[in-house]
Amino acid sequence: MTTQRDALLARLRETDHMPVLIVGGGINGAGTFRDLSLQGVDCLLVERDDFCSGASRAPSRMIHGGLKYLETAEFRLVRESAQERNRLLANAPHYVHPLEMVIPIHTWFGGMRAAIAKLFRRPARVSQRGALLVKLGLTIYDIYGALNRVMPRHRMIRRGDVLSEIPDLDPDIRVAASYYDAWITSPERLTVELLLDGMAENDGSLALNHIAFDGIEDGRARLVDRLSGEVFHIGCDVMVNAAGAWIDRVNEGAGTNQRMMGGTKGSHLLLDMPALARTLTGRMLYFEVEGGRICLVSNFMGHVLLGSTDIPIEDPDTAICDDTEVEYLFDAFRRIFPGVPVGREDIFFSYSGVRPLPASDADDPGAVSRDHSMPELPPQGARAFPILSLVGGKWTTFRAFSAEVTDAVLSRLGRTRRARTEDRAIGGGAGLDRRAAGHETLARDIAKAHALSRDRAHVLVRRYGCRAGAIAAELGPEEAFMVHLPDLSRQEISAVIRTELVAHAEDFLFGRSTLFLERPLSHAAVSELAETMAALLDWDDQRRAVELDRIATRYRQFHRIDVTPGSPPHFEGSQP
Ligand SMILES: Cc1cc2nc3c(=O)[nH]c(=O)nc-3n(C[C@H](O)[C@H](O)[C@H](O)COP(=O)(O)OP(=O)(O)OC[C@H]3O[C@@H](n4cnc5c(N)ncnc54)[C@H](O)[C@@H]3O)c2cc1C
């Protein structure tokens, strides 16, 4: 099978100049790529790993207005985040859904003095937030979320009512508050869809994974294909450094030593606790731990998602959820669910990422602003083009950040904006009605058109939104389902790897599907996936073994899960 990546590489070989080079295929690089492509600007985006493999793959999966930024008086950020949340609900209804947030509260008046001090930028740490403070914050938050409002306003919930719905919750609470934000089921796929949309809009644009920016040679960017070792030299008019926590390294490669970044690591655990998860269906608990930090716990695809930490880190390549963080998260869990036993044997997945925050001297990492900025490095020596670095930002606000970057690039190219992105649907969100009935109608139509069962059509709509029709068209009458991943077929894998820039088996597993979050995957399941992909992509036995090893190594090294043959998958240090 000739993949889309092979075809794009062939085009790259014939290219020696692009108006814009974007380094980094996380959400900010991908958003900028789509926006510039929409303006008719040809861009080349290179990602050294698979797309969406840095911080963008490791979020708490909240698409949120940033309630906690009210405390630091970052009102611009709250307004922008709330607007962008509402836009994502409309533009990506296949992956972004409303989520009820529940705040358990232990006091009536706590935290007021510290909150007022912080509001006036005096040193203070807000903790023991009481009902009055939370009510005040949520009232203001409702006002910021009013534009394009699609979700209910906040409400206070009596202690007895919340305990009857979530019986394991700490019985010492006085009251709870509920408000609405949103969550994203597949940040990985939405990032890839932005890139595919960009290339569909402008056939002069190219997005390639597994290609690393490796410095400047003779005034041009040196790019290395990490699969084959092939080297490309590409000139550009503007370079966008969207390398997240690696921004300083990329700029160093471009010959400058200005320190911009001061990333902090954040980790999450997925716990296999179906009974507790059921009581959390459709909602996330947003609760305080020691010192006033906020943690969260929710039902993610039938499991309990628990996060996160906030720890300064020097080398972003080493980010894993370490033992200290596991204990910290377990302490947080015990605080909110004091009667529920939890241990390492409950962990079926862990992940960690590095927030691309600006360099800061703040003692408290939580105090560093989550707003974004775009410092520019002017041309220097043989490098005749400027570099714009995308520092900070949230997943939620990527569209607004990308629009700012696009406007800055357009002005440097002497061009003007011709299309806007505020109301533009993304990928499989195009044409999808966000109400449940819309999903139902689409599934019914697809089932009818392609002779599929309604259940199968539903799975496809959940996975691909409106792109499900195109996938269904490739399944054929003899759909061959996997033995160990029974809701996935060989034909579905084939359709995805052919059209979505999949180069490795792990790209499919961790970057185009959510299978790794939906259930613990056994060695048999990942072997079957590698075998199926080997058959589809004509890999020999050696390549198949390498691909399987890459998956097992990623599981072990970055997620601390052992998937060796002969024992069930388990977290490091727990009994299988
Ligand atoms: C623990 C945690 C929880 C979070 N939770 C949320 C949340 O719930 N909601 C929210 O809105 N935001 C959240 N965020 C913030 C959000 O995830 C990030 O701000 C956002 O993903 C940053 O995207 P990015 O594209 O700038 O960086 P990244 O996603 O890190 O992308 C940078 C990319 O550059 C690539 N790269 C590096 N060097 C090179 C090179 N030499 N050549 C080519 N490519 C290179 C990397 O491989 C990487 O893929 C969270 C972040 C973390 C870490």
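Me: Contact means heavy atoms within 4.5 Å. How many residues of domain 3 are in contact with domain 4?

Reply: Eight residues of domain 3 are in contact with 10 residues of domain 4, and the C-alpha centres of domain 3 and domain 4 lie 25 Å apart. This is a predicted model, in which local features need pLDDT of at least 70 and side-chain atom pairs count only at pLDDT 80 or more, while totals for chains, interfaces and linings use all residues. Residues are numbered from 1 along each chain as its sequence is written, and side-chain values use heavy atoms, with hydrogens and water left out.

Me: Which domains does the assignment give, and with what bounds?

Reply: The chain is assigned domain 1 (4-55 + 188-261 + 370-413), domain 2 (73-185 + 263-363), domain 3 (435-473) and domain 4 (481-576). These bounds come from an automatic or database domain assignment.

Me: OK, on to the ligand. Where does it lie relative to domain 1 and domain 2?

Reply: The ligand lies between domain 1 and domain 2, because both of these domains give residues to the shell around it.

Me: Which residues come nearest to the ligand?

Reply: Of the 36 residues around the ligand, the nearest are Glu47, Ser56, Met62, Gly393 and Thr396. A residue is near a molecule if one of its heavy atoms lies within 4 Å of it.

Me: How many nonpolar, polar and charged residues does that shell have?

Reply: The shell has 17 nonpolar, 14 polar and five charged residues. In this scheme Ala, Val, Leu, Ile, Met, Phe, Trp, Tyr, Cys and Pro count as nonpolar, Asp, Glu, Lys and Arg as charged, and the others, Gly among them, as polar.

Me: Which helices and strands each supply at least two residues of the shell?

Reply: Helix α2 (27-38) does, as do the strands β2 (43-47), β8 (211-217), β11 (264-271) and β16 (347-355). Helices (H or I, at least four residues) and strands (E, at least two) are DSSP runs, numbered from the N terminus.

Me: And which polar backbone atoms do the ligand's nitrogen atoms reach?

Reply: A ligand nitrogen is 3.0 Å from a polar backbone atom of Ser60, and a ligand nitrogen is also 3.0 Å from a polar backbone atom of Phe213. A ligand oxygen is 2.8 Å from a polar backbone atom of Gly393. The protein covers 97% of the 1,000 Å² of accessible area that the ligand has on its own, where accessible areas come from the Shrake-Rupley method with a 1.4 Å probe and, for residues, only the protein chains shown count as cover.

Me: What about Leu501, buried or exposed?

Reply: Leu501 is buried, at a relative accessible area of 1%. Leu501 has a positive phi of about 55 degrees although it is not a glycine, and its place is the loop between α15 (490-499) and α16.

Me: Where is the cis peptide bond?

Reply: The cis peptide bond joins Gly307 and Ser308, with omega at about -15 degrees. Ser308 is in the loop between β14 (303-307) and β15 (311-312).

Me: Back to α16. Why is that helix described as largely enclosed?

Reply: Eight of the eight residues of α16 (residues 505-512) are buried, so the helix is largely enclosed by the rest of the structure. Among the buried residues of α16 are Glu506, Asp507 and Arg512.

Me: Last one: what does His570 touch?

Reply: Not counting residues up to four places away in sequence, His570 touches Arg560, Ile561, Asp562 and Pro576. A polar atom of the His570 side chain lies 2.9 Å from the backbone oxygen of Pro568; a polar contact is a pair of N or O atoms within 3.5 Å, and within protein one must be able to donate a hydrogen and the other to accept it, with residues adjacent in sequence counting only if both atoms are side-chain atoms. His570 is found in strand β22 (residues 570-571) and is buried, with a relative accessible area of 12%.

Key: Buried means under 20% relative accessible area, exposed over 50%, partly exposed in between (1.4 Å probe, protein chains only).
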